[in-house]
Amino acid sequence: MRTVSKYVFLDLLKNRSILVYTAVLAVLSFTLLGLDGGSAKGLLSLLNITLLFVPVITTLFSAIYFFNSLEFIELLLSQPVKRTRILLSEYGGMALSLSAAFVVGVGFPLTVLLPVTASFVLIMTGVLLTFIFTSLGLLIFVLSRDKTRGIGAAIIVSLFFTLLFDGLMMAFIFTFSDYPIDRAVVAMVGLNPVDLARILMLLQLDVAVLMGYSGALFKEFLGSSTGSLYAVGCLGLWTVVPLWLALRIFRKKDL
């Protein structure tokens, strides 16, 4: 298992797309932190970039890579190795390489230019989102037989969590504004890892104006410390559940 993970990890570190992803993140990070003098404003700009780039790039890239690795996976399956171990190895190598790209591209500039607690929370948030959307990319791979449909599903899933979900939540709040929906809105936030990551970060910065309705409710009901723990717990579930489903389906899948 370690050998396969190590092979995937090292192979991806040399991948041109990963190198470009790292370079783009690093340029944006140094530019934003430099322009804003390493202030909280630069940190918020990096947060918005992380919440947009990481889900879309991670889901698309991981789904495409898994589809392109199908022959390699079939070759490994001909060996006396359990299916779940093979898939976990592929997942581990992919998640670690994308996380390494994020840490180098965003984490290194933040550590150098703005070494505060909120910066380290942003790094942790980006890594958690990487693991979550790699899990979703893996789940899309095992659910789809056709590569084109799989890539289409990856695009829809990433856009749903980054753009469409907030629109649906706003429609829900507007439609039922005459009813006591506060607790329902707090529960709905847990259905979107991108929103959880945003609120987790804003709770550290304590910028109530930027939290929006759901973020303000989140803080009111749970407070900063409990809210942060709740958000991290939900993000952990978002990592484990899609991965568990992918392993369960792949174990019985007819390749």
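**Serine 135 and its surroundings**

I started at serine 135. Leaving aside neighbours within four places in sequence, I found serine 135 in contact with Tyr91, Thr239, Pro242 and Leu243. Contact here means heavy atoms within 4.5 Å. Serine 135 sits in helix H6. I looked up its cover: serine 135 is buried, with a relative accessible area of 0%. For that label I used under 20% relative accessible area as buried, over 50% as exposed and partly exposed in between, with a 1.4 Å probe and protein chains only. I also checked one C-alpha distance. Serine 135 and threonine 239 are 104 residues apart along the chain, and their C-alpha atoms are separated by 6.2 Å.

**Ground rules**

I am working on a predicted model, in which local features need pLDDT of at least 70, side-chain atom pairs count only at pLDDT 80 or more, and totals for chains, interfaces and linings use all residues. Residues are numbered from 1 along each chain as its sequence is written, and side-chain values use heavy atoms, with hydrogens and water left out.

**Whole chain**

I counted 10 helices and 0 strands in the chain. Helices (H or I, at least four residues) and strands (E, at least two) are DSSP runs, numbered from the N terminus. The chain is as compact as a globular protein of 255 residues, because its radius of gyration is 19 Å, close to the 18 Å from the globule rule. That radius is taken over C-alpha atoms, and the rule is 2.2 Å times the number of residues to the power 0.38. Along the principal axes, the C-alpha atoms fill a box of roughly 55 × 45 × 30 Å. Buried residues make up 47% of the 255 residues. I then took contacts between residues at least 6 apart in sequence: 80% of them join residues at least 24 apart.

**Record check**

Residues 18-35 are 100% helix and 0% strand, with end C-alpha atoms 26 Å apart. Residues 120-143 are also 100% helix and 0% strand, and their end C-alpha atoms lie 35 Å apart.

**More single residues**

I went back to helix H6, residues 117-143, for serine 119. Serine 119 counts as buried, at 1% relative accessibility. Beyond its neighbours within four places in sequence, serine 119 is in contact with Leu43, Leu110 and Leu114.

Next came threonine 58, in helix H3 (residues 40-68). Is threonine 58 buried or exposed? Threonine 58 counts as buried, at 0% relative accessibility. With neighbours within four places left aside, its contacts are Tyr21, Phe53, Leu98, Thr130, Phe133 and Thr134.

Leucine 203 belongs to helix H9 (residues 193-205). At 5% relative accessibility, leucine 203 counts as buried. Leucine 203 and alanine 118 are 85 residues apart in sequence and 9.4 Å apart in space, C-alpha to C-alpha.

My last entry is lysine 82, in the loop between helix H4 (70-77) and helix H5 (83-113). Lysine 82 is exposed, with a relative accessible area of 61%. From lysine 82 to arginine 251 I noted 169 residues in sequence and 8.7 Å in space, C-alpha to C-alpha.
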